[in-house]
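Here is a briefing on the packing in one model. Look over the sequence and structure, then read the points below.

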Amino acid sequence: MAKSIDEIQNEVIAEFSDFDDWMDRYQLLIDIGSEQPPLEEKYKTEQNLIDGCQSRVWLQADMVDGKLQFLAESDALIVKGIVALLVRILTDHTPQEILDADLYFIEEIGLREHLSPTRSNGLAAMLKQMKMYALAFKSVQNQ
């Protein structure tokens with residue numbers, strides 16, 4: 001059975017709790033981003049670029065069997081790690097589950113307080129875009 005959004009968040013929190021030093025946590029974020037398969041060129045479009053991010057972030061969303069599948073990439077290492085975490089947590093869930101999700105892992109791992117204001121804004125923009133996709137797919141489902 002698929003894991004819930006909260007179960008995946010708890011796994012992420014556990015992974016980060018192994019490291020007390022923020023330099024180690026940044027390295028973990030970079031590693032997580034590096035493990036992401038590269039986004040296919042056909043998805044690197046203006047339409048998929050997220051507004052509000054200082055670095056370039058592309059986000060592709062598709063609906064498969066009633067669940068959202070996200071693919072993403074960034075040209076900045078730490079941002080790539082952040083978006084990889086969001087993809088990992090939100091992919092394979094229904095639009096409603098994504099809309100209802102409380103993404104507490106961001107506070108729990110100390111991400112918000114250790115990001116620069118521009119990266120924090122970027123994180124908010126990525127989340128907003130993912131929720132907007134969920135909303136759009138939900139409205140299509142309900143027609």
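Contact means heavy atoms within 4.5 Å. The model is predicted. On that basis, Met-126 is in contact with Ile-50, Cys-53, Val-57, Val-79, Ile-82, Val-83 and Leu-86, leaving aside its neighbours within four places in sequence.

**Nonpolar core**
- The largest nonpolar core holds 45 residues.
- Met-126 is among the residues that touch the most other members, along with Phe-70, Leu-90, Leu-103, Phe-105 and Leu-111.
- At least two core residues come from each of α1 (5-17), α2 (22-35), β1 (57-64), β2 (67-74), α3 (77-90), α5 (105-108) and α7 (117-141).
- Helix α3 gives the most, with ten residues.

**Helix pair α1 and α2**
- The axes of α1 and α2 lie 10 Å apart, and the two helices pack at an angle of about 130°.
- That angle makes α1 oblique to α2.
- From α1, Glu-15, Phe-16 and Ser-17 meet Arg-25, Leu-28, Leu-29 and Ile-32 of α2.

**Aromatic rings**
- The structure holds two aromatic pairs.
- One of them joins Trp-22 and Tyr-26, edge-to-face, at 5.0 Å centre to centre with 65° between the planes.
- Trp-22 and Tyr-26 are separated by about one helical turn, because they are four residues apart in helix α2.
- Both Trp-22 and Tyr-26 are buried.

**Charge over a ring**
- Lys-44 lies over the face of Trp-58.
- The distance from Lys-44 to the ring centre of Trp-58 is 5.2 Å.

Notes
Residues are numbered from 1 along each chain as its sequence is written. This is a predicted model: local features need pLDDT of at least 70, side-chain atom pairs count only at pLDDT 80 or more; totals for chains, interfaces and linings use all residues. Side-chain values use heavy atoms; hydrogens and water are left out. A nonpolar core is a set of buried Ala, Val, Leu, Ile, Met, Phe, Trp, Tyr and Cys residues joined through side-chain atoms within 4.5 Å. Buried means under 20% relative accessible area, exposed over 50%, partly exposed in between (1.4 Å probe, protein chains only). Rings of Phe, Tyr and Trp (its six-membered ring) pair if their centres lie within 6.5 Å; planes under 30 degrees apart count as stacked, over 60 as edge-to-face and the rest as tilted. A charge sits over a ring if NZ of Lys or CZ of Arg is within 6 Å of the ring centre and within 35 degrees of the ring normal. Axes are lines fitted to C-alpha atoms, for helices over the stretch in contact, and angles run from 0 to 180 degrees between N-to-C directions. Angles under 35 degrees count as roughly parallel, over 145 as roughly antiparallel, 65 to 115 as roughly perpendicular and the rest as oblique.
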